[in-house]
Amino acid sequence: MIVGWLFYFKRHEQGINKTQIIGSHNSYKEYIDTPLFQLIKKEDSNSVRGIEYSNASLSDQLGLGLRSLEIDVYADAKGGKYAHPFGLFWAGINPVRPYDPAGLMKQPGFKVLHVQDIDFRSNCLTLKNCLLELKNWSDAHPGHDPIFITVNAKDDTMKRPGFTVPEKFTQQTFNELDKVIVNNLGPDKLITPDMVRGKFETLEKAVLDNNWPTLKHSKGKFIFILDEEGEKLEYYVKGHPSLAGRVSFVNAPAGTPEAAIIIMNDPVKDMKKIQELVKQGYIVRTRADADTKEARVNDRSRFLAACRSGAQIISTDYYAKSKLFKSDYIISFEDGKYVRANPVLR
């Protein structure tokens, strides 16, 4: 009993970078309607296999013990841009499974979906609703471990007739994104770059000096990560050196003032690099599987590499077995849980 209490105390006094957690990829995503899936499969049988997965509600995933989620957002300033997906008309509307009966997609604000007009089914259609669900779950489970939320700002154009052309993300769009997160989740629920940087000159210097908050002081909190590069990353950082005043951490490369949480999705190829970054103080997110490939052949080698790498966040599509094709592939740590001490930083 004494040993158990000592372990509990030690774990909760350690920084949040000293753990390793499993979370879900495209956490909002629901399965594509069967008639539409079959139509897409006729045109591109290989690519469509990569999006043949689905997730439970965000609340259910957190209830299982996952502590990392991923949300894709599309800007929709006027509302209605994604209210009538082309795929519904292409495949024929399925009356057994209506789309957006509450009319949420007609409202202005960020929408949550994977690929416009094709892979548009979501267990929380708007970012506002996703955040409110997270807040309600958090309020009902006070003292939960910190939860990482990776965000992709999507605006890629599908060069096909009839497909919706997304709004481009700008600095103002990202300003609005920050406001939506704070207004719907609440500032008291967030760990921001400012909190980690503290009195250090840059965010990266704080991270390299192990200035991450302890697990004890991160209870009930959320950490957002903007997984973008190039122009989008520049827009988010511009005017906010070391992410001063920003809500989200970003996928900035090591050696830059904004570097803190780094996305490296191939733990096999980048094993040594991930281990080096983790030991230096960065938090790294990687993936256990991708595009359903590992699940179809029950190959856990990529997951095992992710575990050995020490990457603090391991993303998977299979915290539960697939219901869309036969497979025994499922991801968890040895005890069936999704949080453990980091093997590289013990």
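Start by selecting Cys 307: this cysteine is buried, because its relative accessible area is 8% (buried means under 20% relative accessible area, exposed over 50%, and partly exposed in between, with a 1.4 Å probe and protein chains only). Before you move on, note that this is a predicted model, in which local features need pLDDT of at least 70 and side-chain atom pairs count only at pLDDT 80 or more, while totals for chains, interfaces and linings use all residues. Residues are numbered from 1 along each chain as its sequence is written, and side-chain values use heavy atoms, with hydrogens and water left out.

**Next stop: the disulfide**

Now select Cys 124 and Cys 130. These two form a disulfide, with their sulfur atoms 1.9 Å apart (the cut-off is a pair of cysteine sulfur atoms within 2.5 Å). A search of the whole structure finds one disulfide. Both Cys 124 and Cys 130 are buried. Which hand does the disulfide have? Look along the S-S bond: the torsion is about 80°, so the disulfide of Cys 124 and Cys 130 is right-handed.

**On to the salt bridges**

Searching the whole structure gives 22 salt bridges, each being a side-chain nitrogen of Lys or Arg within 4 Å of a carboxyl oxygen of Asp or Glu. Here are some to visit.

Pick Arg 160 and Glu 43, whose closest N and O atoms are 2.9 Å apart in a salt bridge. Arg 160 sits in the loop between β4 (147–153) and α7 (171–185), and Glu 43 in helix α2 (residues 34–43), so this pair ties together parts that are 117 residues apart in sequence. (Helices, H or I with at least four residues, and strands, E with at least two, are DSSP runs numbered from the N terminus.) Arg 160 counts as partly exposed, at 35% relative accessibility.

Then select Lys 219 and Asp 145, a salt bridge with its closest N and O atoms 2.5 Å apart. Lys 219 is in the loop between α9 (203–208) and β5 (222–226), while Asp 145 is in the loop between α6 (127–140) and β4, so the pair ties together parts that are 74 residues apart in sequence. Colour the two partners by accessibility: Lys 219 is partly exposed at 24%, whereas Asp 145 is buried at 15%.

Your next pair is Glu 201 and Lys 205, with 2.6 Å between the closest N and O atoms of their salt bridge. Glu 201 is exposed, with a relative accessible area of 62%, and Lys 205 is partly exposed at 42%.

**Last stop: a network**

Finally, select Glu 30, Asp 33, Arg 97 and Arg 121 together: a network of salt bridges links these residues.
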